[in-house]
Amino acid sequence: MDADLRERLRQRRPSCLLVLGASDTGKTTLIEELLAEWSAEGLVAVVDCDVGQSHLGPPTTMAWGLLERPFRGWRHIT
């Protein structure tokens, strides 16, 4: 991930963000970093559409969750 883009995302905090890319390109790492920062500032929702490697919900499903406190890992998302 380009450091300049990462910094712009941190500064401007979009209301909606879709992250797409090939396997092993850092999508999950980027999202985890942004969730950690943004959830420390307030309520954040996340939608997991990766049916091949779901972090939320059962395998092969799309799921969403709310972060009401700072991000500590996927299993802590309600």
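Q: Does threonine 60 count as buried or exposed?
A: This is a predicted model, and the values below are computed from it. A residue is called exposed when its relative accessible area is over 50%. Threonine 60 has 63% relative accessibility, so threonine 60 counts as exposed.

Q: Where does threonine 60 lie, and what is its phi?
A: Threonine 60 is in the loop between S1 and S2. Its phi is near 65 degrees, which is a positive value in a residue other than glycine.

Q: In what order do the elements of the protein chain run?
A: Begin with the inventory, which is two helices and two strands. From the N terminus on, the order is α-α-β-β.

Q: How many residues does the largest nonpolar core have?
A: A nonpolar core joins buried residues of nonpolar kinds through their side-chain atoms. Here the largest one has 13 residues. Those with the most contacts inside this core are Leu35, Val46, Leu56, Leu67, Phe71, Trp74 and Ile77. At least two residues of the core come from each of helix H2 (27-39), strand S1 (44-48) and strand S2 (63-67). H2 gives the largest share, with four residues.

Q: With which residues is leucine 67 in contact, leaving aside its neighbours within four places in sequence?
A: A contact list shows what packs against a residue from elsewhere in the chain, and contact here means heavy atoms within 4.5 Å. For leucine 67 the list, with those neighbours left aside, is Leu35, Ser39, Gly42, Leu43, Val44, Val46 and Ile77.

Q: What separates the C-alpha atoms of cysteine 16 and valine 46?
A: A C-alpha distance can be set beside the sequence separation. For cysteine 16 and valine 46 the distance is 9.5 Å, and the two are 30 residues apart along the chain. Cysteine 16 is in the loop between H1 and H2. Cysteine 16 is exposed because its relative accessible area is 68%.

Q: Why does the radius of gyration agree with a compact globule?
A: With 78 residues, a compact globule would have a radius of gyration near 12 Å, and the protein chain has 12 Å, so the two agree. Along the principal axes, the C-alpha trace spans about 35 × 30 × 20 Å. Among contacts with a separation of 6 or more, 38% are between residues 24 or more positions apart.

Q: What share of the residues is buried, and what does the accessible surface come to?
A: Buried residues make up 23% of the 78 residues in the protein chain. The accessible surface comes to about 5700 Å², and carbon and sulfur atoms account for 53% of this area.

Q: How far apart are the mean positions of the positive and negative charges?
A: The protein chain has 9 positive and 11 negative charges, and their mean positions are 3 Å apart.

Terms used. Residues numbered from 1 in each chain as written. Predicted model: local features only at pLDDT ≥ 70, side-chain atom pairs only at ≥ 80, totals over all residues. Heavy atoms only, no water. Core = buried A, V, L, I, M, F, W, Y, C linked by side-chain atoms within 4.5 Å. Buried < 20%, exposed > 50% of the residue type's maximum accessible area, 1.4 Å probe, protein only. Rg over C-alpha atoms; globule rule 2.2 N^0.38 Å. Areas by Shrake-Rupley, 256 points an atom, 1.4 Å probe, with all protein chains shown as cover. Lys, Arg positive; Asp, Glu negative; His and termini not counted. Charge placed at Lys NZ, Arg CZ, Asp CG, Glu CD.
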